[in-house]
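Trainee: I would like a close look at one part of this model, with its surroundings taken in turn.

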Amino acid sequence: MGTARGFGVDVGGSGIKGCPVDIDGGVLAEERMRIPTPHPSTPEAVADAVAEIVEKFGWSGPVGVTLPCVVKQGTAHTAANIDKSWIGTDAQGLFAERLGQDRSEVVVLNDADAAGLAEMRSGAGAGASGLVVVLTFGTGIGSAMFVDGKLVPNTEFGHIEVDGHDAEKQAAASVKDDLDLSYPEWAPRVSRYVQALESFLWPDLIIAGGGVSKKQHKWLPLLETRTPIVPASLKNDAGIVGAAAAAAAGAGN
Ligand code: BGC
């Protein structure tokens, strides 16, 4: 096992988390730091939090940052669960400037894509071929799609329409919390969502992630789906690990 290190920061709806990562091992190299997501979660406020985390560890070198947004060539294009002023923001340029780093040292990617990359490298999807979909259940629903191990970025399957509604508004983990649903009450919503996804995608494997995957035994066995579903194994650290790996590989530039 090598000792190459990278740095990942995961920007979520409730917290911003980051730390150095053991790239070869695919695990956190130190205890992560978490800052509550600022409100409003404007690009400037989030960039300050990201810089605070990176500086806390005295890190200089490539940094990967996730956003809950469609991200293409470093620019954010959507903002479902983060301040709308992210739309059209050159996130890569903003973070690079705030961190005092060269643009090429900073990689910005969708949060679910980052989590998916980590699960496929060193987690529940390691070695999986065919069509694999990683779903993250949190404030929203994130998705990452892999075809024979290769990421098809920015899939946004959390926003497919299910029974006339935006899927994540029905089945995200935050809906469970907001409506105070038990796992047996929430699970049918997830089943309905996955069934809708399956009807046009026919995946070979689904990996269920997000904070709620820590309690997977309470709800995964209740799902009624055609596709085998396994829990993510990196849990809440997957975004950090995937972001660091993407930055170390220089992907996304
Ligand atoms: C966003 C996605 C994001 C997901 C998880 C969705 O609302 O549109 O880009 O991956 O939430 O944070």
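Is Cys19 buried or exposed, and what is its relative accessible area?

Mentor: The model is a predicted one. Cys19 is buried, and its relative accessible area is 0%. Another cysteine, Cys69, is likewise buried, also with a relative accessible area of 0%. A disulfide is a covalent bond between the sulfur atoms of two cysteines.

Next, the strand with a buried charge. Strand E2 covers residues 15-22, and Asp22 belongs to this strand. Asp22 is buried but forms no salt bridge. The nearest side chain of opposite charge is that of Arg5, 7.3 Å away, whereas a salt bridge would need the atoms within 4 Å. What the side chain of Asp22 does reach is the backbone nitrogen of Asp24, at 3.2 Å.

Burial is also found in a helix. Helix H2, residues 91-99, is mostly covered, with 7 of its 9 residues buried. The buried residues are Ala91, Gln92, Gly93, Leu94, Phe95, Ala96 and Leu99. Just after H2 comes Gly100, which has a positive phi of about 65°.

Key: Residues are numbered from 1 along each chain as its sequence is written. This is a predicted model: local features need pLDDT of at least 70, side-chain atom pairs count only at pLDDT 80 or more; totals for chains, interfaces and linings use all residues. Side-chain values use heavy atoms; hydrogens and water are left out. Helices (H or I, at least four residues) and strands (E, at least two) are DSSP runs, numbered from the N terminus. Buried means under 20% relative accessible area, exposed over 50%, partly exposed in between (1.4 Å probe, protein chains only). Lys and Arg count as positive and Asp and Glu as negative; His and the chain ends are not counted. A polar contact is a pair of N or O atoms within 3.5 Å; within protein, one must be able to donate a hydrogen and the other to accept it, and residues adjacent in sequence count only if both atoms are side-chain atoms.
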